[in-house]
Amino acid sequence: MALIERFAELVVRGGINVQPGQGVVLHTDTAHLEIARAVTEAAYAAGAAWVEPVWSDGPMRRSAVTHASVEELSAVRPWALTRIDEWQRAGVAWIRLLGEADPHLLDGLDPARVAASPTEEAQAMRRAVFGGMRWTVVGAPNPGWAREVFGEPDVDRLWKAVGTAMRLDLDDPVAAWQERSEVLAGRGRRLDALSLTELRYRGEGTDLTVGLLPDCRWTGGGLVDAAGIPYLPNIPTEEVFTSPDRRRAEGVLRVTRPVVISGQVITGLRVTLTGGRITEVSADEGAEVVRAHLETDEGARSLGEVALVDRDSRIARTGVVFHNMLFDENAACHVAWGQSFPFAVDGAAALTEQERAALGLNMSSVHTDVVIGGEGITVTGRGPHGTVTIIRNDEWVL
């Protein structure tokens with residue numbers, strides 16, 4: 001079986017676990033056409049009732065950002081909100097293909113316009129996902145992404161790196177995903193047993209202390225939907241994560257890998273948090289884009305995720321900086337500002353957004369991961385049993 005066809009079948013059957021008669025929504029870019037076609041074929045072969053592609057296109061996005069106003073770019077489209085509600089009611093499986101075809105396409109444009117987007121649509125999509133929709137996010141190699149990683153459009157080389165990161169080089173990748181998921185789930189259970197109240201990241205340029213919620217739960221590996229169907233939200237995944245108390249974050253962090261925000265590459269990012277809010281931002285390149293992004297809504301300046309990843313990660317082992325946060329966040333410890341995960345706190349999924357906010361969970365239309373780990377990172381936790389070391393010099397020791 002050809003590489004792309006095998007990749008698509010693994011994602012559909014072993015990742016999102018499409019069920020007979022289920023609808024599938026496929027978010028993809030025109031740069032991913034060949035892979036999108038293969039995923040569509042695999043979904044129908046698995047018994048999907050229908051597959052709806054939702055397309056994006058970089059040059060079209062540049063036209064919009066160049067000519068439309070911030071208000072027009074941010075305008076709510078009622079029909080889009082209705083469509084998302086219908087997807088949720090229909091119980092669709094949602095697949096998203098990632099892989100920037102040109103990460104520098106929006107360079108030089110107005111940062112406020114670049115950051116502008118229909119926030120209500122993003123919030124509706126997050127509500128659908130957190131409301132029980134099964135989803136899988138997966139990388140889609142293409143020449144532009146390969147050029148950003150290797151300096152040349154060598155897609156075969158990128159596929160090799162992606163294949164290593166996703167364990168596609170093994171005879172049974174799905175079994176390997178399940179085995180790794182159980183390791184991560186076991187780490188989550190050990191962290192839960194500690195009832196930690198605080199987490200501290202320390203490394204070169206980073207000293208960040210984050211408060212944790214009393215009933216928070218650590219998640220690692222796959223999830224199971226309300227019908228008991230297992231799935232992998234991210235392929236690959238190497239993290240154990242939870243949502244912190246948005247009101248309790250103090251210190252500084254240095255982002256150790258490039259991050260793409262609003263279609264632009266940010267390098268050398270440094271962030272200060274005070275009283276749970278991002279108060280200062282600097283960067284070697286792209287600081288204004290980040291500052292505009294943080295103005296998206298009230299929750300954009302507070303943390304919604306803290307995550308632990310050690311050097312045993314398959315992505316870390318490749319030695320490749322993927323310039324794609326799906327992969328790069330799974331190479332080392334990271335945090336995210338923006339939306340929290342309601343399932344991170346027992347019972348929070350059934351609460352209103354106002355009730356979740358009262359608990360300390362964060363609400364936002366954005367969720368932006370940034371890597372702060374790597375060689376030299378140490379992570380400790382504090383709780384009723386004192387201080388414990390979780391990661392020392394990028395190695396899991398708990």
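Gly99, Glu100, Pro103, Trp145, Glu148, His323 and Asn324 line the second largest cavity. This is a predicted model, in which local features need pLDDT of at least 70, side-chain atom pairs count only at pLDDT 80 or more, and totals for chains, interfaces and linings use all residues. Residues are numbered from 1 along each chain as its sequence is written, and side-chain values use heavy atoms, with hydrogens and water left out.

A cavity here is a set of points, on a 1 Å grid over the protein atoms alone, where a 1.4 Å probe fits but cannot get out; lining residues have an atom within 4 Å of a point. The second largest cavity holds about 30 Å³ of space, volume being the space filled by probe spheres set on the grid points, which are joined across faces, edges and corners. Its lining comprises two nonpolar, three polar and two charged residues.

I turn to the largest cavity, with about 70 Å³ of space. Its lining consists of Arg167, Trp177, Arg180, Ser181, Leu232, Asn234, Ile235, Pro236 and Thr237. Which helix supplies the largest share of this lining? That is H10, with three residues; H10 spans 173–194, helices being DSSP runs of H or I with at least four residues, numbered from the N terminus.

Technical notes
On a 1 Å grid over the protein atoms alone, a cavity is a set of points where a 1.4 Å probe fits but cannot get out, and a pocket is an open set with protein on both sides within 12 Å along at least five of seven lines; lining residues have an atom within 4 Å of a point. Helices (H or I, at least four residues) and strands (E, at least two) are DSSP runs, numbered from the N terminus. Ala, Val, Leu, Ile, Met, Phe, Trp, Tyr, Cys and Pro count as nonpolar, Asp, Glu, Lys and Arg as charged, and the others, Gly among them, as polar.
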